[in-house]
Amino acid sequence: MPAPARPLRILHLIGSAFDDFHADLSRLYAGACLNAVAESVDYVALIAYVSPDGSWRFPAELSNEAIQRAPAVSLADAVGHIRALGVDVMVPQMFCRPGMTTYRALFDELGIPYLGNSAEVMATAADKVATRRAVARAGVAIPDAEVLRAGDRPTLTFPVVVKPVDADNSVAVSLVRSFEEYGPAAASALAHSDTVLVEAYVELGREVRCGIVVRDGELICLPLEEYAVDPDAKPIRLSSDKLARTDSDELYLVAKDPTRAWIVTDDDVLTERVWDLARRCHRALGCRHYSLFDFRVDPDGRPWFLEAGLYCSYAPNSVIAVMAAAVGIDVRRLFDIGLAELQREGLPCLASQR
């Protein structure tokens, strides 16, 4: 009889090389993922934690105490330790820009495969202008827009939406109805980016998000998630609609409140229309394993692309996981589908194990 395959050694790359907020966000999602998928005869879960000062730690678990107890090491020493661990697969759990790009590229250099989109694709998605261009070439409608620097004057007709070109989680996003409002909104956005994206405001009908999972090479669209917006009370979603902190300063997910977001039934007239556009976006950006896209729907029912969020933490409260759960795919199965795609791509470290 052939010898049983050993468990896969899966390294969860957590933290932030940028700031404490992104480190806390990463730890929030990664902790939920580890609770959901780590205990298995098929996997050995390992943790690498990157601090905002650039140091690496390899704690046994994700409590603040465990992280602080773990020795801080340099990048060179971390690479040597990762090689010694015999890692088969990396799961990227970093949401800052370096984490989504530079640190993924490091694992490309190490020859260690990882779930999710490549560093190059993530770099494109982090740049709202580059993303807009890519999806527009695929025939997806985008709002009129201009890219401005400090001191520039907008030429689009108000109202407009002002946002940093390369920030996530709706940070410093503002709805601006007059030139007098533009200055403070631009200053807020420029605190997070060198340039400002000014988009024509799409009158509100609905706002939805579409997730895709790749299974056996096929793009499987998941049920849409719709967000609570209102033309008067809440015309756009802000950072406060997504994340907040408790009285003890622990980060939590506001958007998971069922009064703020819910799953759309597949027979909704909007579903097939958005699914088609999401597939176009996925292919246009060169995504793999999964993808996630936001659309604004005008009063006439036409969807307009807003942004791409090309990450999945494999936590039960991650958006793609919530969508998958609505069609009976739990987090563990979702995780296995991703690993199966890596195997299908012919990566030898997996083909020999699974």
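Q: Before we look at this predicted model, what does buried mean here?
A: A residue is buried when its relative accessible area is under 20%. The model itself is predicted.

Q: Where does tryptophan 56 fall, then, buried or exposed?
A: Tryptophan 56 has 1% relative accessibility, so it counts as buried.

Q: How many aromatic pairs are there?
A: The count comes to 9 aromatic pairs, taking rings whose centres lie within 6.5 Å.

Q: What kind of pair do tyrosine 29 and phenylalanine 95 make?
A: Their ring planes stand at 70° with the centres 5.6 Å apart, so the pair is edge-to-face.

Q: Where in the chain are those two?
A: Tyrosine 29 belongs to helix 1 (residues 20–37), while phenylalanine 95 is in the loop between strand 4 (89–92) and helix 4 (97–100). The pair links distant parts of the chain, 66 residues apart.

Q: And are tyrosine 29 and phenylalanine 95 buried or exposed?
A: Tyrosine 29 counts as buried because its relative accessibility is 13%. Phenylalanine 95 has 8% relative accessibility and therefore counts as buried.

Q: Back to tryptophan 56: which residue does it form an aromatic pair with?
A: Tryptophan 56 pairs with phenylalanine 58. The two rings are stacked, with 25° between the planes and 6.4 Å centre to centre.

Q: Which residues do ring pairs link into a cluster?
A: The cluster consists of Tyr43, Tyr290, Tyr314 and Phe335.

Q: New topic: what lies over the face of tyrosine 114?
A: Arginine 288 does, at 4.9 Å from the ring centre.

Q: What about the ring of tryptophan 304?
A: The charged end of arginine 302 sits over that ring, 4.5 Å from its centre.

How values were computed
Residues are numbered from 1 along each chain as its sequence is written. This is a predicted model: local features need pLDDT of at least 70, side-chain atom pairs count only at pLDDT 80 or more; totals for chains, interfaces and linings use all residues. Side-chain values use heavy atoms; hydrogens and water are left out. Rings of Phe, Tyr and Trp (its six-membered ring) pair if their centres lie within 6.5 Å; planes under 30 degrees apart count as stacked, over 60 as edge-to-face and the rest as tilted. Helices (H or I, at least four residues) and strands (E, at least two) are DSSP runs, numbered from the N terminus. Buried means under 20% relative accessible area, exposed over 50%, partly exposed in between (1.4 Å probe, protein chains only). A charge sits over a ring if NZ of Lys or CZ of Arg is within 6 Å of the ring centre and within 35 degrees of the ring normal.
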